[in-house]
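Please look over the sequence and the 3D structure shown here before reading on. The briefing that follows is grouped by topic.

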Amino acid sequence: MPSPVNEPNAVADPRSPVRDEQPSAAAEALKPGPALCLSGGGYRAMVFHVGVLWRLNESGYLPRLDRISSVSGGSITAGVLALHWKALAFDNNKVSAAFQEQVVTPIRNLAGHTIDAKAIVGGIFLPGTVGEKVAAAYDRYLFQGATLQALPEGPPRFVINATNVQSGALWRFSQPYMADYRVGRVDHPTLPLATAVAASSAFPPVLSPVELDLEAGLVQPQQGCDLCREPFTTHVVLTDGGVYDNMGLETVWKRYQTVLVSDAGGKMQAEEEPEEDWAQHSLRILDLIDNQVRSLRKRQVIEAYKSRDRQGAYWGIRTNIADYQLADALPCPFARTLELANTPTRLKRMDAELQERLINWGYAVCDAAMRKHVDPNVAKPKGFPYARGV
């Protein structure tokens with residue numbers, strides 16, 4: 001007898017990662033987009049994505065985006081872009097002359113400060129959690145008390161993603177609502193933007209978790225949710241969005257035909273003699289699992305482009321720019337860009353030179369990917385944002 005899940009009108013177990021498409025969803029056409037995904041990777045990702053956005057702005061593509069989905073370090077950059085979106089004042093060519101002032105400067109200012117170590121020490125020896133200390137630092141340097149209601153209604157719709165440790169699903173923060181499909185939805189949330197970004201970038205184990213205490217009745221049920229009850233609706237335990245989806249794909253892949261993916265995530269390194277004690281060995285196994293999931297998602301994206309199931313482009317911090325076979329790509333020696341890709345995943349102070357090299361690299365690889373795979377008519381850039389190159 002076939003499993004009930006395989007019957008057309010059956011409802012799948014909500015705990016299962018495999019879910020039947022509802023007829024209405026299956027018949028719904030994908031939106032043209034484009035949608036942009038910004039991966040995790042600490043300050044490395046935060047600064048690399050600045051270069052990506054810089055090139056998208058110069059090429060006139062930034063205001064054309066319909067959705068920006070982010071996780072972890074990518075959410076820091078997305079949060080700043082979202083907060084200052086209205087001040088960008090795009091001209092008739094869809095280019096903002098205020099981009100450096102509104103986006104680049106505040107992010108580079110944050111990158112000049114170490115906040116993870118201070119938050120850990122403060123979380124151990126002072127009142128409050130590590131996650132609260134990180135959120136306070138984001139608020140001080142970037143968001144100055146802004147809430148999710150300060151984000152644009154869209155387009156683009158900004159979606160900041162965290163992982164719900166209790167439900168095992170994404171917890172999505174946006175201006176219209178925050179939600180977990182298993183727990184429910186809060187419309188027009190007034191949560192501090194700094195808290196949402198801190199939850200999205202709560203790298204385990206040291207910066208995780210970030211906890212939300214919500215009033216009873218605030219979370220409303222939605223179709224299909226099976227955990228819309230206390231304590232799931234009143235005490236929410238969140239960790240880094242990259243635990244569930246390190247490229248921020250989940251909230252765009254089922255909705256958009258054109259998907260742009262900027263991946264500044266890390267790569268697990270080989271070890272000749274892995275540790276055998278239970279703690280370090282367990283961490284190594286978790287890294288293996290994470291690396292495999294990350295590889296499968298990347299493969300899904302690339303294969304969808306090849307099969308024409310999706311349009312768009314993928315670029316990564318570990319990409320060899322020569323692979324694009326673009327004769328006039330900006331000069332980016334692979335050995336130099338691999339050095340940048342191996343920058344540790346930390347919220348640790350970066351000197352000005354490293355910041356500028358990472359921004360230049362994000363700018364250059366985004367340019368090559370966009371001109372090769374999305375729009376060959378985009379004018380070649382005159383040079384790097386910063387003269388030092390990569």
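A charge is said to sit over a ring if NZ of Lys or CZ of Arg is within 6 Å of the ring centre and within 35 degrees of the ring normal. By that rule, the charged end of R64 sits over the ring of Y61, 4.0 Å from its centre, and R310 lies over the face of W253, at 4.7 Å from the ring centre.

This is a predicted model, in which local features need pLDDT of at least 70 and side-chain atom pairs count only at pLDDT 80 or more, while totals for chains, interfaces and linings use all residues. Residues are numbered from 1 along each chain as its sequence is written, and side-chain values use heavy atoms, with hydrogens and water left out.

**The chain as a whole**

- The secondary structure comes to 11 helices and 10 strands, where helices (H or I, at least four residues) and strands (E, at least two) are DSSP runs numbered from the N terminus.
- Of the 390 residues of the chain, 51% count as buried, a term that stands for under 20% relative accessible area, with exposed meaning over 50% and partly exposed in between (1.4 Å probe, protein chains only).
- The chain exposes about 18400 Å², of which carbon and sulfur atoms supply 52%; accessible areas come from the Shrake-Rupley method with a 1.4 Å probe, and for residues only the protein chains shown count as cover.
- Among the contacts in the chain with a separation of 6 or more, 74% are accounted for by residues 24 or more positions apart, contact meaning heavy atoms within 4.5 Å.

**Aromatic rings**

- A search of the whole structure finds 4 aromatic pairs, and rings of Phe, Tyr and Trp (its six-membered ring) pair if their centres lie within 6.5 Å, with planes under 30 degrees apart counted as stacked, over 60 as edge-to-face and the rest as tilted.
- One of these pairs joins W85 and F90 in a tilted arrangement, 5.1 Å centre to centre with 55 degrees between the planes; W85 is buried at a relative accessible area of 10%, whereas F90 counts as partly exposed at 23%.
- W85 also forms an edge-to-face pair with F158, at 5.9 Å centre to centre and 70 degrees between the planes.
- F158 counts as buried, at 3% relative accessibility.
- W54, F99 and Y386 form one aromatic cluster.

**Helix α4**

- With 13 residues, α4 reaches 17 Å from its first C-alpha to its last, close to the 18 Å expected at 1.5 Å a residue, the expected span being 1.5 Å times one less than the number of residues.
- The helix α4 bends by about 25 degrees at T105, and a proline, P106, follows within four residues; the bend at a residue is the angle between axes fitted to the seven residues ending there and the seven starting there.
- The buried residues of α4 include F99, V103, P106, R108 and L110, and what covers the buried residues of α4 includes α2 (42–58), α3, α6 (130–143) and α11 (352–373).

**Strand β4 and its residue F173**

- F173 is found in strand β4 (residues 170–173) and is buried, with a relative accessible area of 0%.
- F173 and I160 are 13 residues apart in sequence and 5.0 Å apart in space, C-alpha to C-alpha.
- Not counting residues up to four places away in sequence, F173 touches several residues, among them L148, F158, I160, M178 and L238.
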